[in-house]
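I am opening a notebook on a structure that is new to me. I will look things up one at a time and write down what I find.

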Amino acid sequence: MSRNIEIDTADGRIDAHVFTPAQAHRPLPAVIMLTDIGGLRPCYHEKAQIVADAGYAVLMPNIY
C-alpha cells in the first residue's frame, strides 16, 4: 500500500511516497529509500513495496 505525501523543507515542499504492508497493525521499523538521478521511477516503487511487504515503513522522497 502506498500514498503520496508532501514534506515541508527550508526551501519549500518536496513530494514523497510512503509504502507500508497491506496489514500493518503495529509500529513498523522505518527505511528511507533514496533513488538515483533518474528520480522516482516504477522500478523504485516496486522495490519499495517489496521492502514494505517484508514488514517496514518505507519513505521514498523525491530529492531531485
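**Entry 1: the model**

I note at the start that this is a predicted model. I read every value here with that in mind.

**Entry 2: the core**

I began with the inside. Which residues make up the largest nonpolar core? I found 7 of them: F19, M33, Y44, A48, A52, V58 and M60. I then asked which elements supply at least two residues each. They are helix α1 and strand β4, the latter covering residues 57-61. Helix α1 gives the most, with 3 residues.

**Entry 3: rings**

The charged end of K47 sits over the ring of Y44. I read 5.2 Å from that charged end to the ring centre. I also searched for aromatic pairs, and the count came to 0.

I found L34 in the loop between β3, residues 30-32, and α1. Is L34 buried or exposed? L34 counts as exposed because its relative accessible area is 53%, and the cut-off for exposed is over 50%.

**Entry 4: salt bridges**

How many salt bridges does the whole structure hold? My search gave 3. The general idea is simple: side chains of opposite charge can pair when their charged atoms come close.

I took R41 and D36 to begin with. Their side chains meet in a salt bridge, at 2.7 Å from N to O. R41 is partly exposed, at 29% relative accessibility. D36 is also partly exposed, with a relative accessible area of 34%. I then checked for shared partners. Salt bridges join E6, D8 and R13 into one network.

I looked at that network link by link. R13 meets E6 at 3.1 Å, N to O. R13 also meets D8, at 2.7 Å, N to O. Then I asked how each member stands to the surface. R13 counts as exposed at 58% relative accessibility. E6 counts as exposed at 56%. D8 counts as exposed, with 56% as its value.

**Entry 5: the end of the helix**

I went back to α1, which runs over residues 42-53. D53 has its place in this helix. D53 is exposed, with a relative accessible area of 51%.

Where is A54? I found A54 in the loop between α1 and β4. A54 is exposed because its relative accessible area, 58%, lies over the 50% cut-off.

I took one more distance, from A54 to I7. In sequence, A54 and I7 are 47 residues apart. In space I read 25 Å, C-alpha to C-alpha.

**Entry 6: what I keep**

I keep two pictures. One is the core to which α1 gives the most. The other is the network of E6, D8 and R13.

Terms used
Residues numbered from 1 in each chain as written. Predicted model: local features only at pLDDT ≥ 70, side-chain atom pairs only at ≥ 80, totals over all residues. Heavy atoms only, no water. Helix = DSSP H or I, 4+ residues; strand = E, 2+ residues; numbered from the N terminus. Buried < 20%, exposed > 50% of the residue type's maximum accessible area, 1.4 Å probe, protein only. Phe/Tyr/Trp six-rings, centres within 6.5 Å; stacked < 30°, edge-to-face > 60°. Lys NZ or Arg CZ within 6 Å of the ring centre and 35° of its normal. Core = buried A, V, L, I, M, F, W, Y, C linked by side-chain atoms within 4.5 Å. Salt bridge = Lys/Arg side-chain N within 4 Å of Asp/Glu carboxyl O.
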